[in-house]
Amino acid sequence: QIPKIPLHLVTASCPSIATYYQGPIRHWHQLYDAACHVRPAMGISPSAWEEAQRCMGPEQASIVIVAMLERFAEIRSPGGYLRALTAKAAAGEFSCGPMVMALIGRRSAA
């Protein structure tokens, strides 16, 4: 299931991921590759990543990872944060859209 939020909006709101991916991100599978690459550097365990993908789908889980990267300095426990968002997703109470829109709001306010 492809997220309802456009990929170009995700990459515009999360420019830090470009540091970890060679070339422009133009397809969802490229965002997924980038998230897989940056996840270990963020200290997120393979099991937390696998559970996020299972509950959110790989595309939405990838959006969450790259959005977390933008706020990495503010997140004390990236793995714990991802697990909390995964639990919300499993309960049907999470969408990555507001997360991306908040990052856009922060960028335009800065």
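Modeller: By class, five nonpolar, four polar and one charged residues line the largest pocket. This is a predicted model, where local features need pLDDT of at least 70, side-chain atom pairs count only at pLDDT 80 or more, and totals for chains, interfaces and linings use all residues. Residues are numbered from 1 along each chain as its sequence is written, and side-chain values use heavy atoms, with hydrogens and water left out.

Biologist: What makes a residue count as nonpolar, polar or charged?

Modeller: Ala, Val, Leu, Ile, Met, Phe, Trp, Tyr, Cys and Pro are nonpolar; Asp, Glu, Lys and Arg are charged; the others, Gly among them, are polar.

Biologist: Which helices cross at roughly 55°, and why is α2 called oblique to α4?

Modeller: Helix α2 (residues 28–38) and helix α4 (residues 58–70) cross at roughly 55°, their axes coming within 9 Å. Angles under 35 degrees are roughly parallel, over 145 roughly antiparallel, 65 to 115 roughly perpendicular, and the rest oblique. So α2 is oblique to α4.

Biologist: What residues does that contact hold, by class?

Modeller: The contact of α2 with α4 has 10 nonpolar, one polar and one charged residues. Among them are W28 and L31 in α2, and P58 and E59 in α4. Contact means heavy atoms within 4.5 Å.

Biologist: Why are α4 and α5 called oblique?

Modeller: The axes of α4 and helix α5 (residues 78–90) cross at roughly 140°. Therefore the pair is oblique. V64, I65 and M68 of α4 meet P78, Y81, L82 and L85 of α5. Those residues divide into seven nonpolar, no polar and no charged.

Conventions:
Axes fitted to C-alpha atoms, helices over the stretch in contact; angles between N-to-C directions. Helix = DSSP H or I, 4+ residues; strand = E, 2+ residues; numbered from the N terminus.
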